[in-house]
Amino acid sequence: MPWEYNNTYSPTSRFAAVRTIIATAEQEGMDLHHWDIQGAFCTSDVDTEILMQPPTGYALPDGQCLQLCKSLYGLRQSSALFYENLERWMTDYGFTPIGPDGVMFRLDRGSKRLIVSLYVDDGVYASNSDDLYRTFLADISKKYTLSDSGKLSFYLGVAIDHDKEKGVATLSQESYINTLLERFSMGDAHPVPTPSEPGTRLLKSMCPA
């Protein structure tokens with residue numbers, strides 16, 4: 001359908017969704033995992049007729065061109081096509097969408113539970129059953145090529161320390177902060193407990209109007 005061409009993006013999870021999964025994992029004693037799909041945008045069939053010139057070094061007879069069958073990186077709608085393909089696979093597998101963003105899913109198999117948050121081709125997974133997670137991982141690997149990063153420790157620029165036994169998770173953006181300091185040539189700056197002159201008195205009259 002013509003309107004589908006204008007759908008060129010894949011919905012992404014807000015970090016609030018990631019924090020929700022982490023908090024749920026701490027409360028229910030779940031394990032946290034992270035993996036991404038390799039070559040994600042090349043896994044979907046195109047949904048409209050797209051003609052292209054052959055790549056350099058490959059010649060076609062005059063008047064002929066190639067018809068694209070699979071999505072490619074650089075194609076405007078590649079991200080949207082991948083999301084539609086993945087969402088369809090997830091729901092067919094038995095996942096139930098959670099929330100309005102279309103990027104969180106939940107799978108229940110008896111007392112076993114798997115919760116997923118997607119950021120394009122990256123995923124965070126919380127599960128109370130290693131067997132369920134491993135079965136899911138094996139099944140989705142038949143559809144996509146995965147890079148399993150194992151236990152969740154770093155995601156979207158945030159370091160995550162997950163202590164399942166204590167039920168505590170610590171999130172840190174130290175790496176991002178250090179990057180900003182280096183960008184503005186403040187990597188060697190000395191920290192001070194109070195960035196003001198000793199003896200400074202702050203008055204209400206100093207506040208902006």
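Predicted model: local features only at pLDDT ≥ 70, side-chain atom pairs only at ≥ 80, totals over all residues.
Reader: What is the radius of gyration of the protein chain, and why call it more spread out than a compact globule?

Author: The chain holds four helices and 11 strands. For 209 residues the globule rule gives 17 Å, and the chain comes out well over that, so it is more spread out than a compact globule. Along the principal axes, the C-alpha trace spans about 85 × 50 × 35 Å. The radius of gyration itself is 24 Å.

Reader: What percentage of the residues is buried?

Author: To count as buried, a residue needs under 20% relative accessible area. Of the 209 residues in the protein chain, the buried part is 32%.

Reader: Now helix α2: how far does it reach from its first C-alpha to its last?

Author: Helix α2 covers residues 78–93, which is 16 residues. At 1.5 Å a residue you'd expect 22 Å, and the helix is close to that. Just after α2, Gly 94 takes a positive phi of about 120°. The reach of the helix is 23 Å.

Reader: Which elements cover the buried residues of α2?

Author: Quite a list of α2 residues is buried, including Leu 81, Phe 82, Trp 89 and Tyr 93. Their cover includes strands and a helix: β1 (31–37), β5 (104–109), β6 (112–119) and α3 (130–140).

Reader: Is Asn 85 buried or exposed, and what does it contact?

Author: Asn 85 sits in helix α2. Its relative accessible area is 10%, and the cut-off for buried is under 20%, so Asn 85 is buried. Leaving aside neighbours within four places in sequence, Asn 85 is in contact with Thr 43, Ser 44, Lys 143 and Tyr 144.

Reader: And Glu 26: which side chain of opposite charge is nearest, and how far away?

Author: You'll find Glu 26 in helix α1, residues 15–28. Not counting residues up to four places away in sequence, Glu 26 touches Leu 32, His 162, Asp 163, Gly 167, Val 168 and Ala 169. A salt bridge needs the charged atoms within 4 Å, and Glu 26 is buried yet has none. The nearest side chain of opposite charge is Lys 164, at 9.7 Å.

Notes:
Residues numbered from 1 in each chain as written. Heavy atoms only, no water. Helix = DSSP H or I, 4+ residues; strand = E, 2+ residues; numbered from the N terminus. Expected span 1.5 Å × (residues − 1). Buried < 20%, exposed > 50% of the residue type's maximum accessible area, 1.4 Å probe, protein only. Contact = heavy atoms within 4.5 Å. Lys, Arg positive; Asp, Glu negative; His and termini not counted. Rg over C-alpha atoms; globule rule 2.2 N^0.38 Å.
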